[in-house]
Amino acid sequence: MKVVGLGGSLKLPLPLQYNRHQLPKKLTSSPLKCVLTKQAHRFLSTLTTTVGDPSASASATHKLIQKFVASSPKSVSLNALSHLLSPNTSHHHLSALALPLYTRITEASWFDWNPKLVAELVALLDKQGRYDESETLISEAVSKLELRERELVLFYCNLVESHSKQGSKRGFDVSYARLNRIVDDSASVYVKRRGFESMVSGLCGLGRICEAEKMFEEMRVRGVNASRFEFRCVLYGYGRLGLFEDMQRIVNQMESEGFVVDTICCNMILSAYGAHCELEKMVLWLRKMRASGIGFSIRTYNSVLNSCPTIMSMMLQEMDMDTLPLSVEELSGVLSGDEALVVKELVESNSIFEEVMEWDSLEGKLDLHGMHLGSCYLMMLQWVEELQHGFKDGKYVIPREVTVVCGSGKHSNVRGESPLKGLVRKMLVRMNSPMRNDRKNLGCFVAKGKVVRDWLC
């Protein structure tokens, strides 16, 4: 795609100048968390108040839990529990109540015993030093599953992965040893493969990448070859540690064993480079992807743009200022060096539109689901230019309606407004766009196709 200004009749205010040398305080995205529903958030807020009240008794807390489970649907109760079990929960001060909440949930009429949920609870209890309670849960699970080998190995796989996510070395090593014995004693290829997947993944999650790589040879000895999954885990593990030569060595080994380096692998590599601010290496890898015909994805955009200091600084400033550049050309004018080059590589590839755009005579749609703020921002700039040129060249028919999907609409029970939706709204307003919030779905912006065409052309 040629990088040009919007031109035509579309008039945009000029942006303020950004200091491209001033880095924002925080460039890395926060860890993913279990997103709370509105009902679960209200419950945990009330629980926080009760726990923090010196005059409240323990029985008051348990009555609150009982009332919540009794009055909430299954999805809401499990959402609250999953949030407390998450290593990245924002309610660490309530994590000790995960077991009482789980116990009350098991008494609900809708409850189905779930080994993955048990594994996550065991890992949390182990991290808290509550070893007797965690071992009791393990014993109960094993007694349920011991005659079903596949289900038993899956439980231990979940246990190993959960300990890894919690960063619990003791619990991980114990569960790893038990899982290894099950794999060693089994004649089932399925059991062996699932066990090795979890052991390699768990080791990588704890930063023990060399041990994970050594598992490749052990797998061969036991009659199982490493799959694409294990290779991805190890290459990403080395990349996160900044060991790029080892990461490249694993990539070469993958290719020598017949595995094609696909978009997922490339995104892992880009993410690793981004985590260490290696924008120059990122540029080279993006060029390699384009030369090899490997398409860019939403994750590609997220990995790359989350690593661009100027764009991330703009996203932070956007919360207070309406001064973002509103064309690719204007954005290019405030970028420099490798940051300008990585954005140029993204802009000059049109492959992303195959994933995010749908277009026919009834509706033209841009779906921004899954995008981080920086990705959403650049995608909006590209989309506007793509439509402008597409309408003029006859590439796109004029649909009955044009829709931009941001999420957090009629199907969302998540509290608060999406920052992404707020960004899109501000951009559309500053662009003098005719698109407005859809009354039927507040997560979308809509306008008649002819009106959008007239706006852009």
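**Notes on selected sites**

1. Helix 14 is followed by glycine 293, which has a positive phi near 75°. Please keep in mind throughout that this is a predicted model.

2. Stepping back into the helix itself, helix 14 covers residues 279-292, 14 residues in total. From first C-alpha to last, helix 14 reaches 20 Å, close to the 20 Å expected at 1.5 Å a residue.

3. Which residues of helix 14 are buried? They are Leu279, Met282, Val283, Trp285, Leu286 and Met289.

4. Cysteine 277 is not a glycine, yet its phi is positive, at about 55°. Is this residue buried or exposed? With a relative accessible area of 57%, cysteine 277 counts as exposed, because the cut-off for that class is over 50%.

5. Asparagine 432 is placed in the loop between helix 21 (419-430) and strand 4 (436-437). The relative accessible area of asparagine 432 is 55%, so this residue is exposed.

6. Now for a helix pair. The axes of helix 4 (residues 98-106) and helix 5 (residues 115-127) come within 10 Å and cross at roughly 155°. Helix 4 is therefore roughly antiparallel to helix 5, since angles over 145 degrees fall in that class. The crossing of the two helices is left-handed.

7. Who makes that contact? From helix 4 come Ala98, Leu99 and Tyr102, and from helix 5 come Leu117, Val118, Leu121, Leu124 and Leu125. By class, the residues of this contact are eight nonpolar, no polar and no charged.

8. Serine 164 belongs to helix 7 (residues 149-166). Its relative accessibility is 8%, so serine 164 counts as buried. Setting aside neighbours within four places in sequence, serine 164 is in contact with Phe172, Ser201, Gly202, Gly205 and Leu206. For leucine 206, the C-alpha atom is separated from that of serine 164 by 5.8 Å, although the two residues are 42 residues apart along the chain.

Terms used
Residues numbered from 1 in each chain as written. Predicted model: local features only at pLDDT ≥ 70, side-chain atom pairs only at ≥ 80, totals over all residues. Heavy atoms only, no water. Axes fitted to C-alpha atoms, helices over the stretch in contact; angles between N-to-C directions. Helix = DSSP H or I, 4+ residues; strand = E, 2+ residues; numbered from the N terminus. Parallel < 35°, antiparallel > 145°, perpendicular 65-115°, else oblique. Left-handed = near helix turned anticlockwise from the far one by under 90°. Contact = heavy atoms within 4.5 Å. Nonpolar A, V, L, I, M, F, W, Y, C, P; charged D, E, K, R; others polar. Buried < 20%, exposed > 50% of the residue type's maximum accessible area, 1.4 Å probe, protein only. Expected span 1.5 Å × (residues − 1).
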